[in-house]
Amino acid sequence: TARALKACHRVFRYLRGTVDKALHYDNGALKLQGECDASWGNDLDTRRSYGGHLFKFTDNGALVSWRSSLQPTVATSSTCAEYMQNSEAAREAVWLRRLARELGIRVDGPTVIAQDNEGARALTEDSVLHSRSKHIDIRFHFVRQLVEQGQVLFKHVPTNTLAADLMTKPLSRPAFERFAKQLVGDNCGR
């Protein structure tokens with residue numbers, strides 16, 4: 001059909017335009033690490049937030065898992081949106097840790113997940129419900145249990161160093177290119 005032919009042409013155009021691109025995996029020590037980020041209420045129709053996370057097994061290696069999607073509910077603050085994304089990223093980390101073990105890859109210590117919202121990071125460690133966070137659904141508080149068990153650990157990093165920004169918002173061309181190189185394991189100038 002004409003539609004299938006058009007799709008085929010798009011695939012070949014993409015392949016021709018990216019023939020010099022590749023994912024690079026280094027031979028460094030394997031340690032699962034991630035990043036997550038969320039925008040706040042930037043879907044103009046629903047006012048829901050976009051969230052994204054990504055995971056690598058090495059500092060300079062390419063991604064092994066990533067996701068960007070519209071969050072299921074409206075967040076009432078940027079901290080709430082980031083906390084909901086922390087929970088989603090933590091669930092992915094648990095799944096990747098299990099997969100690694102099944103493949104015979106040792107995963108020692110917690111999976112460190114970088115994120116740029118100090119309030120959301122603090123909520124992952126605080127088991128006391130505060131008046132400002134009591135509205136957050138129980139399913140997102142699951143992240144606290146994972147932190148307590150030592151499976152994940154959230155680390156605050158400056159926004160301009162967080163490649164997960166690529167998953168949630170438009171970026172300047174230089175930032176986009178810098179983060180894109182990190183995501184394919186090409187931040188060593190290969």
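Author: R121 has a relative accessible area of 15% and is therefore buried, a term that stands for under 20% relative accessible area, with exposed meaning over 50% and partly exposed in between (1.4 Å probe, protein chains only). The model is a predicted one, in which local features need pLDDT of at least 70 and side-chain atom pairs count only at pLDDT 80 or more, whereas totals for chains, interfaces and linings use all residues. Residues are numbered from 1 along each chain as its sequence is written, and side-chain values use heavy atoms, with hydrogens and water left out.

The partner of R121 is E118: their closest N and O atoms are 2.5 Å apart, and the two form a salt bridge, that is, a side-chain nitrogen of Lys or Arg within 4 Å of a carboxyl oxygen of Asp or Glu. E118 is partly exposed at 38%. Both residues belong to helix 3 (residues 118-125), where a spacing of 3 residues separates them by about one helical turn; helices (H or I, at least four residues) and strands (E, at least two) are DSSP runs, numbered from the N terminus.

The whole structure holds 7 salt bridges. Another of them joins D37 and K169, at 2.7 Å from N to O. Because D37 lies in strand 1 (residues 33-38) and K169 in the loop between strand 5 (152-156) and helix 5 (173-183), this pair ties together parts 132 residues apart in sequence. D37 is buried, at 0% relative accessibility, while K169 is partly exposed, at 30%.

In helix 5, R173 and E177 are 4 residues apart, about one helical turn. Through shared partners, salt bridges also join D37, D165 and K169 into one network.
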